Amino acid sequence: MDEVEQVEYEQVPGTMLTDSNAICDFLKKTKVQDVLNWGRKNSLWFMVNAMGCCGVELLATGMAHYDTDRFGIIPRNSPRHADVMIISGYVTKKYLPALQTVWDQMPSPKWVICFGDCAISGGPFYESYSTHQNIDEIFPVDVFVPGCPPRCEALIQGFVELQKKIIAKKDKGTEY
Amino acid sequence: MDSKSVMNAITSKFPDIHFVFRESDIRITGRVRAAKVVEVCQYLKEEVEFGHLCCEFGVDYPERNEIEVVYVIGSYEHPVILTMKAILPRDNPEIESVVPVYWNANWYERETHELFGVQYLNHPDLRPLVLTEELYGEWPLRKDYEGFPNKTARNLV
Amino acid sequence: MDETVKPSEMIVHLGPQHPMMPGPFRLNAKLKGETVVDSEVDIGWIHKGIEKILENKTYLQGITIVDRICYLAAITNEEAYVGCVEKLAGIEVPERSQYIRVIVEELSRIQSHILGMGEYASFLGFVSMFMYTIRDREDLMSLIDSITGARITHSFLRFGGVKQDLPDNFANDVKYVFGNIRKAVDQYEELYATDRIYKARTVGIGVVDADTAKDLGVSGPPLRATGVAFDIRKDEPYLVYNDLDFKVCTHTDGDVYARIQVRLDEIRESMYIIEQCLDQIPSGPLFPEGTAYGRRTPIMRVPAGEVFHRVEDPRGEMGFYMVSDGSDKPYRVKVRGPVYPTLQTLPGLLKGVPVADIVAIAGSMDTCTSEVDR
């Protein structure tokens, strides 16, 4: 590869040279970020990734009776469309690489919700030879929803907590 | 067809099969020599209407130094269920595959192979089924497996 | 499957994360143009070693674990497990408890069929059907919730009885809900029968004939759709199914459409069973009198022995093989799930079908991956 030629910018009066990250860093301190976060928190599309018992409640939450569309929470089948990954069950040693691939495919900003005891602490399968423990060391988890399985209302509550975190700029999905 | 006639039919053909006990009218337990499993299954399927293999699995007995391979065979025509056991040495468990007779034994045998280490001869495709490659060879369902309980969880009480 | 790919062929991986199924499994399909040449099912993505865990838990703790084998209809797993222990220990279940068990199991069967059917319709692009079925299923979930106290994993059965009695006014609730469900099932059937696109995608697709299905070891609705009246509730009656009047629903076509029809008929039949139970249920104790068995059974030792007990799951034949050595923990438990043999048949069924039919055929088997992997 040839070396990239270095271009000397002339100093123009009244202008300032910067790169895109600096603009972002500047904007994060202003009201613009609040507006962005308001938009983000009201369109948390989650990925349907049914991995265990909690997956059945996950399906039920996104459908007619609980109707999370009211809050802008819509189930999506493709990770490319989703903002939130819900770990809804036991992560086995065989499944972990697939889950990481799914996580890498999601565009940022993105958040993780641990749904159910298995994802939080192993649940009834904490001593099994094939499950992977301590999921929160692998993924940046924002909200834990305990229960075995939690009810649908608990998942909605989890989303509300995530919304509160986003508007308070305390979530792990965005860098502040 | 009830359990009595089934037992008579089998013992007349294979006198060396040793019947242990009858749990009730519709359950029979028998013991078969490992070398004869396929022959017996063939006979059961064709002559005594045992066309439905319920399941096949292993049981580990470290004190006796044996692994039992258990076949639970049912039928669509009559309610009798036959439990057939073949006893293998624990150091080198080898048995003939019954896939040519009961097609759905395929996955059961693959699973028994990777959980207990039973070698199935003439199996069409004896690969690991449910475990990752790292766990292959540790035979997790044997009684002396050391990876259980798994202590990696951080917040154990 | 042969991994070598000719120039005109390609391999498509469906899964393990795929909206097609409630639980991950992977289907590797080798395609030539639009046609599936060969395929292979890869399972074990949620293998959690339940059989090993059960060996290390006491009998009472095991009830909680077996709930999680198949979460779409957890109560039949419990029935198979508890039935094994009852056979080994020789416990007689009082008649009232038996009736309550039948009621909960049939409710669970209805909700499982409704969920499976709706999910299946959504695979075919019929998403509004999924909305309807989930709406109607919530009523049933409330009924189950009112008896057991949980929606998915109940831990409701105990050795010799059930955890608690039916709630007050239960018969009236059932009457109200079943009125709605009857209307809904008729509506589903009409929607299915009149939708041209749905019929074009299901009639004559994935046909299995009776002899092949028997050879492959299939059970449950996929087998009954081929015309074989194989139902454990009739062939080997457990609980009080002998005293109840119901018929085994069969169809003869053996295609995808027939499997859904069998499920629709079974929903109606299950509702009929529950209504009979509510008419016939006697009053009496929940646990056998004069024994120590109760809601919180003390640490119990089960006599040494081996037993195989099987029940009719919504998906087919569910069996537990239990070996006891006389201690307070089972020596070995083998779970025989209904979907395990059914899922094995997929590569054979998918040979030569177009890509779009893969989900139609795989979905119509109503797979529950958790129970395959355990």
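**Local geometry, helix packing and chain contacts in a predicted three-chain model**

C:D366 is located in the loop that links α14 (357–364) and α15 (369–373) of chain C, where helices (H or I, at least four residues) and strands (E, at least two) are DSSP runs numbered from the N terminus. The phi angle of C:D366 is near 55°, a positive value in a residue other than glycine. C:D366 is buried, with 28 other C-beta atoms within 10 Å; a residue is termed buried if 20 or more other C-beta atoms lie within 10 Å of its own, exposed if 12 or fewer, and partly exposed in between, with C-beta atoms placed from the backbone.

The structure is a predicted model, in which local features need pLDDT of at least 70 and side-chain atom pairs count only at pLDDT 80 or more, while totals for chains, interfaces and linings use all residues. Residues are numbered from 1 along each chain as its sequence is written, and chains are lettered from A and ligands numbered from 1 in the order in which they are written.

Chain C contains 15 helices and eight strands. For its 374 residues, a compact globule would have a radius of gyration near 21 Å, and the value of 21 Å for chain C agrees; the radius is taken over C-alpha atoms, and the globule rule is 2.2 Å times the number of residues to the power 0.38. The C-alpha trace of chain C spans about 75 × 45 × 35 Å along its principal axes. Of the 374 residues of chain C, 54% count as buried. Two residues are taken to be in contact if their C-beta atoms, placed from the backbone, lie within 7 Å. Among contacts in chain C between residues at least 6 apart in sequence, 70% join residues at least 24 apart.

Within chain C, the axes of α4 (residues 95–123) and α11 (residues 256–280) come within 9 Å and cross at roughly 155°. Axes are lines fitted to C-alpha atoms, for helices over the stretch in contact, and angles run from 0 to 180 degrees between N-to-C directions. α4(C) and α11(C) are therefore roughly antiparallel to each other, given that angles under 35 degrees count as roughly parallel, over 145 as roughly antiparallel, 65 to 115 as roughly perpendicular and the rest as oblique.

C:V248 lies in the loop between α10 (232–235) and α11 of chain C. With 17 other C-beta atoms within 10 Å, C:V248 is partly exposed. Not counting residues up to four places away in sequence, C:V248 touches C:R224, C:A229, C:D231 and C:K234. C:V248 and C:M117 are separated by 131 residues in sequence and by 19 Å in space, C-alpha to C-alpha.

Chain B has three helices and seven strands, arranged along the sequence in the pattern α-β-β-α-β-β-β-β-α-β. Its C-alpha trace spans about 60 × 35 × 30 Å along the principal axes, and 38% of the 157 residues in chain B are buried. Among contacts in chain B between residues at least 6 apart in sequence, 51% join residues at least 24 apart. B:W139, in the segment after β7 (119–121) of chain B, has phi near 50°, a positive value in a residue other than glycine. B:W139 counts as partly exposed, with 19 C-beta neighbours inside 10 Å.

The contact between chains B and C takes 25 residues from chain B and 26 residues from chain C. On the side of chain B that touches chain C, β3 (52–61), β5 (81–89) and α3 (105–116) each supply at least two residues, and β3(B) gives the most, with six residues. This side of chain B divides into 18 nonpolar, five polar and two charged residues.

Chain A also meets chain C, with 32 residues of chain A in contact with 28 residues of chain C. α3 (53–62) and α4 (96–105) of chain A each supply at least two residues of the side that touches chain C, and the largest share, six residues, comes from α3(A). The side of chain A that touches chain C has 18 nonpolar, 10 polar and four charged residues. Elsewhere in chain A, the peptide bond from A:C148 to A:P149 is cis, with omega near -15°. A:P149 is placed in the loop between β5 (141–145) and α6 (152–167) of chain A.

Terms used
Nonpolar A, V, L, I, M, F, W, Y, C, P; charged D, E, K, R; others polar.
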